[in-house]
Structures are given as C-alpha cells and as structure tokens.
Amino acid sequence: MTIQKLNELFDQGYEIRSKFATTIATQLREGMNEPLAKIRNDQHLTAHGKKAKEAEFKREAAREVFDVVAKEKATYAKVAAEAIALAKKMKTDAIKQPSSVTDILLFNQELSALQTSIMLSTNVDTAIKEIDTFQAKYDEPYYAAELQKEFPAFIQMVTGIDDSPKHKLALSRVYSRVEEKATTPEVKKANEALAYFSDSDSIKLFRDGSPQLDIVKTYIGSIANHINEPETALGILDGEVETFAGMAGTNVME
C-alpha cells in the first residue's frame with residue numbers, strides 16, 4: 001500500500017513538472033489571440049488607446065497566469081512534502097522478519113560461527129571467500145540486512161590481515177551484493193522518490209529558455225521572466241515590489 005501511495009504522489013509530481021507549463025502556454029495562446037486581434041482592429045480606438053487597452057488586457061492576463069502558477073507551485077510543494085515524508089518512513093521501517101523462528105536462530109548461529117572464523121583467519125582470500133559464500137546462502141532482505149550490520153567488523157578484521165587495494169575491492173564487491181539484497185522494493189521506491197523530489201524547494205515549473213516560457217513572454221511581456229516566482233510577479237503588478245526600471249509596473253508588459 002505504501003508503494004502504491006508513493007507511486008500516486010510520484011505521478012502527481014511528474015504530471016505537474018512535465019505538463020503544467022505546456023498547458024498554461026497553450027491556454028494563454030488560445031485565449032488571447034482573438035481578444036488581442038479585436039483590440040488592434042478596433043476602429044473606435046486611437047493608436048494610444050489601443051496600446052493602453054492592450055497593456056491593461058495583458059496585465060490582467062498576467063495576473064491570472066501568476067495566480068494559477070502560484071497555486072500549482074503550492075500543490076507541487078504539498079505533493080513533494082508528502083512524498084518525502086512517506087519515503088523517509090519507508091526507508092526507516094524495520095524489515096519484516098521471516099516467519100520461521102527456527103530459520104532465524106539457525107542464521108544467527110551460522111553468523112556467529114562466521115564471525116569467529118574470520119577473527120581467527122590468517123588468509124585474507126579465504127576470509128573473503130567465506131563471507132561471500134555465507135551471503136550467497138541468504139536472499140531474503142532480513143538476513144542481508146543483518147549481515148550488513150556486521151560488515152564494518154568484517155572489513156576491520158579482513159583488512160587487519162591485509163589491507164591491499166585488491167582485497168578492499170573484493171570486499172567492496174561482496175558488500176555490494178549484500179546491500180542489493182538488503183534493499184527492499186519499498187526502499188528502492190523511497191530512494192527514487194527522494195531523488196526525484198530533492199529539488200522541490202527550488203522547482204521551476206517553466207524551464208529557462210523553454211518554448212513554453214517564450215510563448216508566455218510573447219503574450220504578457222517581460223514580466224514573464226518572473227514566472228517561477230509568481231508572488232514576486234504579483235507584487236510587481238500590484239506596485240508593491242520595485243523593478244530595475246523603478247517602481248513596479250513600469251514597462252512590465254513590454
């Protein structure tokens with residue numbers, strides 16, 4: 001169930017990241033072409049009147065765009081936060097023990113015997129082979145995770161015999177096999193989600209230089225440069241944020 005929920009959150013995040021910008025650009029183009037054409041062809045307006053009316057129309061369109069972008073960013077942040085929290089929980093949940101208590105006891109006995117054998121070993125190749133043979137017997141994540149806990153001690157014991165790069169590499173390969181077995185499907189999915197949502201605090205719904213952003217700029221002007229900071233853009237439109245040209249609202253539609 002947790003994997004299913006994480007998949008749902010992943011899909012929601014992907015939908016926003018991959019399709020939102022295109023949807024907005026398309027809607028803006030389809031919704032503004034006809035009204036702009038009417039303004040430009042209005043015989044009752046002077047050239048100055050047409051320019052002023054067009055600027056006001058673009059300003060209102062920009063405000064609507066930034067309102068929508070702000071809401072979508074908030075939605076994405078909520079989805080990302082939920083996914084990250086769930087992924088962290090999945091990574092820290094204890095791996096379910098096998099149902100057979102006898103099998104667990106036998107594993108612990110064999111692990112203890114392996115530890116003793118490695119401590120007494122004087123041949124590094126033999127020691128590494130013993131560890132590898134032992135790990136190969138157990139495929140369940142629980143046993144691999146238990147063996148993983150003991151690996152720092154094994155590394156110390158083996159490198160105490162011979163710490164050459166060759167033998168460290170051999171140990172590393174054995175450990176990789178153990179680690180892979182210890183990683184449950186839940187943990188794999190959690191790792192994927194954490195990587196995917198790692199930039200959630202700085203997400204850009206419109207990529208710099210993207211065709212979608214170019215379309216938005218065509219219809220609402222240079223204010224579109226603030227498309228990924230909708231709160232700032234709304235502040236500029238409302239005259240609450242200064243621009244490089246002076247007070248907010250100066251030439252933002254050009």
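Student: Which residues does Lys-73 touch, once its neighbours within four places in sequence are set aside?

Tutor: Lys-73 is in contact with Ile-203, Leu-205, Asn-228 and Pro-230, where contact means heavy atoms within 4.5 Å. Some ground rules: this is a predicted model, where local features need pLDDT of at least 70, side-chain atom pairs count only at pLDDT 80 or more, and totals for chains, interfaces and linings use all residues. Residues are numbered from 1 along each chain as its sequence is written, and side-chain values use heavy atoms, with hydrogens and water left out.

Student: What makes Lys-73 partly exposed?

Tutor: Its relative accessibility is 23%. Buried means under 20% relative accessible area, exposed over 50%, and partly exposed in between (1.4 Å probe, protein chains only), so 23% lands in the middle class.

Student: What lies 3.0 Å from a polar side-chain atom of Lys-73?

Tutor: That's the backbone oxygen of Asn-228.

Student: On to the rings. How many aromatic pairs turn up in the whole structure?

Tutor: The search finds 12. Rings of Phe, Tyr and Trp (its six-membered ring) pair if their centres lie within 6.5 Å; planes under 30 degrees apart are stacked, over 60 edge-to-face, and the rest tilted.

Student: Why is the pair of Phe-107 and Phe-134 called tilted?

Tutor: The centres are 5.7 Å apart, with 40° between the planes. Phe-107 lies in helix H3 (residues 101–120) and Phe-134 in helix H4 (residues 124–136), so the pair ties together parts 27 residues apart in sequence. Helices here are DSSP runs (H or I, at least four residues), numbered from the N terminus.

Student: How do you know that Phe-107 is buried?

Tutor: Its relative accessible area is 1%, and Phe-134 is buried too, at 7%.

Student: And what makes Phe-151 and Tyr-175 edge-to-face?

Tutor: Their planes are 65° apart, with 5.1 Å centre to centre. The angle is over 60, so edge-to-face it is. Phe-151 counts as buried at 1% relative accessibility, whereas Tyr-175 counts as partly exposed at 26%.

Student: Why is Arg-17 said to lie over the face of Tyr-196?

Tutor: Arg-17 is 4.8 Å from the ring centre. The rule asks for NZ of Lys or CZ of Arg within 6 Å of the ring centre and within 35 degrees of the ring normal. Lys-189 likewise lies over the face of Phe-10, at 5.8 Å from the ring centre.

Note on methods:
Helix = DSSP H or I, 4+ residues; strand = E, 2+ residues; numbered from the N terminus. Polar contact = N/O pair within 3.5 Å; in protein donor to acceptor, adjacent residues only side chain to side chain.
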